[in-house]
Amino acid sequence: MASAAEQLASNLNFSTFAKAEDLKKRLWFTLAALLVYRLGTHIPLPGLNPEAYAQAFRGQAGGILGLFNMFSGGAVQRMAIFALGIMPYISASIIVQLMTSVVPALENLKKEGEQGRKIINQYTRYGTVLLGALQAYGISVGLESGNGLVVDPGIFFRISTVITLLGGTMFLMWLGEQITSRGIGNGISLIIFAGIAAGLPQALAGTLELGRTGALSTTLILAVILIAIAVIAIIVFVERAQRRLLIQYPKRQVGNRMFQGDTSHLPLKLNTSGVIPAIFSSSLLLLPATIAGFANTTALPSWATSIVAALGHGQPLYMLLYGLLIAFFAFFYTAIVFNPKDTADNLKKHGGFIPGIRPGERTAEYIDYVLTRITVIGAIYLVFVCILPEILVSQTGIPLSLGGTSLLIVVSVTLDTVAQIQGHLIAQQYEGLIKKSKLRGGKRGR
């Protein structure tokens, strides 16, 4: 039998959306905030020589700068005020999450509920300021070391660069929080989504232009489009897939009445780690190529040059290490964000249990066993989605700007946002049904 929420969801239509005034306000606010973000990615950093920087960036676009440029919506390519993007905040969030597992004080804060979460969020903001300032200073020094990139190098340029780039990151962090509270979806994820999606029209136009000039065959382009659609379908299926563990609650007696025990489910996502493994793996593998690009290539020893060449896109060693790192981070990050022992303790505290499993330690072991098995499937899925674009690039030579990592982010954020919109519509229709029932009750009372 369908649940009440499922029945409401099946009855959603355009008229329900038209009546959802609060939802429309949230959507307009989200679109306006993302428009502000896109405008900021086109405001250049003061004190730079645009032509010299554009030439220098083209030489480093294949390294980690290209990855950061994708996440920042082209701001790194233009060295705009949002060039740092939201990455310092993401890095600080991951570091704080790791520390909550090893620092007892932070672990206790995590268990304190909403108040503890606010304190942890404040620590994350402090970490964002620290990481952002360090990265902005490193960028200013790197720009000054370039040949003619800075018009007037010196301490004033470094200070202004740190203030501008750090201010841009803090503004994006605030903007993301505003989208989360006053808009639709997760603000930070939507900002990254907007940056990636902004490059899709240019990438599609470039591919079609290669097909028009005959550099790529029409059959190959159609085949790649069909493969992309199939991969998107796989991502949608896996990201929505769950392993539900049956949870039962004992019977309750209130006064002289005995109430039947409730049943619910503990949902375990097939891909608990999300896109973090792909981001970490890409960053680590692109780091050697980026360092070698900034260094003098002729000064590098032969063994270092060989390693950099072997770690290039499409090389067998690169794809092997990429897959192994993704699998490792899938298990590692899952262990960080999901603690079976805490889940088992919460179930025991509220009287819930898994049928056939003793509450407490045995329940934690069982949840960990199930989670490990589904994480194997999740890791295989992540490796497949991220490695497939690399194989296509190496075998066909087609310039795929939308790689596995960006495709995961785009599809995952879209699914999450659509789910939240549907949730608002269901709440809107549910409130309407309650009002109607109250009106009918009032008429009967008369």
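Predicted model: local features only at pLDDT ≥ 70, side-chain atom pairs only at ≥ 80, totals over all residues.

Colleague: Okay, then is Lys269 buried, exposed or partly exposed?
Modeller: Lys269 has 35% relative accessibility, and because values between 20% and 50% fall in the middle class, Lys269 counts as partly exposed.

Colleague: What does Glu239 form with Lys269?
Modeller: Glu239 forms a salt bridge with Lys269, and the closest N and O atoms are 3.7 Å apart. The two residues link distant parts of the chain, with Glu239 in helix 13 (residues 218-240) and Lys269 in strand 4 (residues 263-269), 30 residues apart. Glu239, at 11% relative accessibility, counts as buried.

Colleague: How many salt bridges does the count come to?
Modeller: The count comes to 5 salt bridges. Another one of them joins the side chains of Glu177 and Arg125, at 3.1 Å from N to O. Glu177 lies in helix 10 and Arg125 in helix 9 (residues 114-145), so this pair ties together parts that are 52 residues apart in sequence. Glu177 is partly exposed at 25% relative accessibility, and Arg125 is partly exposed as well, at 22%.

Colleague: And where do Glu365 and Arg362 lie?
Modeller: Both lie in helix 18 (residues 361-396), 3 residues apart, which is about one turn of the helix. Glu365 is partly exposed, with a relative accessible area of 43%, and Arg362 is partly exposed at 49%.

Colleague: Changing topic, which residues does UniProt list as "transmembrane region"?
Modeller: The UniProt entry, which is unreviewed, lists residues 79-103, 155-175, 187-208, 214-238, 275-297, 317-338, 370-392 and 398-419 under that name. For residues 317-338 the span is 95% helix and 0% strand, with its end C-alpha atoms 32 Å apart.

Colleague: Which residues form a nonpolar patch on the surface?
Modeller: Ile155, Phe156, Ile159 and Ile163 form that patch, and together they have about 490 Å² of accessible area. Phe156 lies in helix 10 (residues 155-182).

Colleague: Is Phe156 buried or exposed?
Modeller: Phe156 is exposed, because its relative accessible area of 68% is over the 50% cut-off.

Definitions and conventions: Residues numbered from 1 in each chain as written. Heavy atoms only, no water. UniProt positions renumbered as here; feature names shortened; annotations may be inferred. Helix = DSSP H or I, 4+ residues; strand = E, 2+ residues; numbered from the N terminus. Patch = residues over 30% accessible without salt bridge, like charges linked within 9 Å, V, L, I, M, F, W, Y side chains within 5 Å. Areas by Shrake-Rupley, 256 points an atom, 1.4 Å probe, with all protein chains shown as cover. Salt bridge = Lys/Arg side-chain N within 4 Å of Asp/Glu carboxyl O. Buried < 20%, exposed > 50% of the residue type's maximum accessible area, 1.4 Å probe, protein only.
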